[in-house]
Amino acid sequence: MGGNSVLYLVAINSAVAGLEIAVCIAFTFIPTLLLKSGYSDTQMTIILGVAPFLAMFTVPGLGRWSDKCSSPLGRRRPFLIAMSVLLIFSLLLLYVGQSASIDVGMGKALILAAGVILLDYSTQVAINPCEALVSDVIAQEDEDSRDINGGGGGGGCEFGFTVYSGMLSIGACLGYLIIALDLQEWGIVLGNREQTAFALCIILYSLCVLITIVTAKRS
């Protein structure tokens with residue numbers, strides 16, 4: 001299959017769509033959940049600010065590490081897999097944190113806060129290997145094209161990131177559409193409304209990232 005074919009690029013960018021689905025669904029419910037668990041408005045904003053603060057210092061270093069990575073899985077996929085595991089774990093924390101059996105002291109509030117911070121951090125970090133993977137694939141295709149045809153490249157880059165942007169938008173649209181639906185009316189009940197949404201996040205994101213990991217060439 002050609003690296004710049006539409007279906008190939010859609011598959012490569014599936015993880016990006018999954019990230020947007022997870023972010024749109026989760027962060028629609030997170031502020032309300034934090035307030036209900038006992039956090040004040042100020043405490044809630046501090047919790048939401050922890051992950052961007054951590055990402056500001058760690059993402060550049062992770063990017064350099066990824067560029068130099070010599071894993072058999074390639075340069076980008078190990079980091080995408082690691083952040084995906086962290087993201088799924090954070091969604092599980094958010095799911096479990098709403099369990100009726102966790103009501104002792106600040107137990108539920110701490111679990112929710114940890115889940116929010118890990119989710120926010122993992123989504124911010126994971127977007128970088130996703131974007132770098134697309135860039136690597138396009139660069140390799142353009143190089144191969146120049147070697148074969150002896151001409152200039154660059155068209156693949158424009159088209160590749162058009163698909164990337166499109167998948168971001170599709171993921172966001174799907175995320176908000178899922179929120180708008182009455183899932184119980186559709187027979188999808190995996191706990192309360194928020195728990196059902198988080199469970200769907202886990203399922204959909206896992207499928208999306210699996211498609212990207214399986215499809216991606218070693219780069």
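These legends describe close-up views of a predicted model.

View 1. Helix H3 covers residues 41-68, 28 residues in total. At 1.5 Å a residue, H3 should span 40 Å. Its end C-alpha atoms lie 42 Å apart, which agrees. The helix is kinked by about 40 degrees at methionine 56.

**View 2. The buried residues of H3.** Met44, Ile47, Ala51, Ala55, Val59 and Ser66 are buried in H3. An α-helix has 3.6 residues a turn, so residues three or four places apart point the same way. Among the buried positions of H3 are Ala51, Ala55 and Val59.

**View 3. Arginine 76 in the loop between H3 and H4.** Arginine 76 sits in the loop that joins H3 to helix H4 (77-96). Its relative accessible area is 6%. Buried means under 20%, so arginine 76 counts as buried. The arginine 76 side chain makes a polar contact with the side chain of aspartate 136. The distance for this contact is 2.6 Å.

**View 4. Helix H4.** H4 contains 20 residues. From first C-alpha to last, H4 reaches 28 Å, close to the 28 Å expected at 1.5 Å a residue. Its buried residues include Arg77, Phe79, Leu80, Met83 and Ser84. Leu87, Ser90, Leu91, Leu93 and Leu94 of H4 are also buried.

**View 5. The largest pocket.** This pocket has a volume of about 230 Å³. It is lined by 14 residues. Closest to its centre are Leu62, Gly63, Ser66, Asn128 and Pro129. H3, H4 and helix H5 (107-149) each supply at least two lining residues. The lining of the largest pocket has 9 nonpolar, 3 polar and 2 charged residues. Ser66, close to the pocket centre, is also one of the buried residues of H3.

**View 6. The largest cavity.** The model has 1 cavity of 30 Å³ or more. The largest cavity holds about 50 Å³ of space. Helix H2 (14-36), helix H6 (155-180) and helix H7 (193-215) are the elements that give two or more residues to its lining. The lining consists of Ile25, Phe29, Ile178, Ile179, Leu181, Leu183, Arg193 and Ala197. By class, the cavity lining has 7 nonpolar residues, no polar ones and 1 charged.

Methods:
Residues numbered from 1 in each chain as written. Predicted model: local features only at pLDDT ≥ 70, side-chain atom pairs only at ≥ 80, totals over all residues. Heavy atoms only, no water. 1 Å grid on protein atoms, 1.4 Å probe; cavity = no way out; pocket = protein on both sides within 12 Å on 5 of 7 lines; lining within 4 Å. Points joined across faces, edges and corners; volume = space filled by probe spheres on them. Helix = DSSP H or I, 4+ residues; strand = E, 2+ residues; numbered from the N terminus. Nonpolar A, V, L, I, M, F, W, Y, C, P; charged D, E, K, R; others polar. Expected span 1.5 Å × (residues − 1). Bend = angle between axes of the 7 residues up to and from the residue. Buried < 20%, exposed > 50% of the residue type's maximum accessible area, 1.4 Å probe, protein only. Polar contact = N/O pair within 3.5 Å; in protein donor to acceptor, adjacent residues only side chain to side chain.
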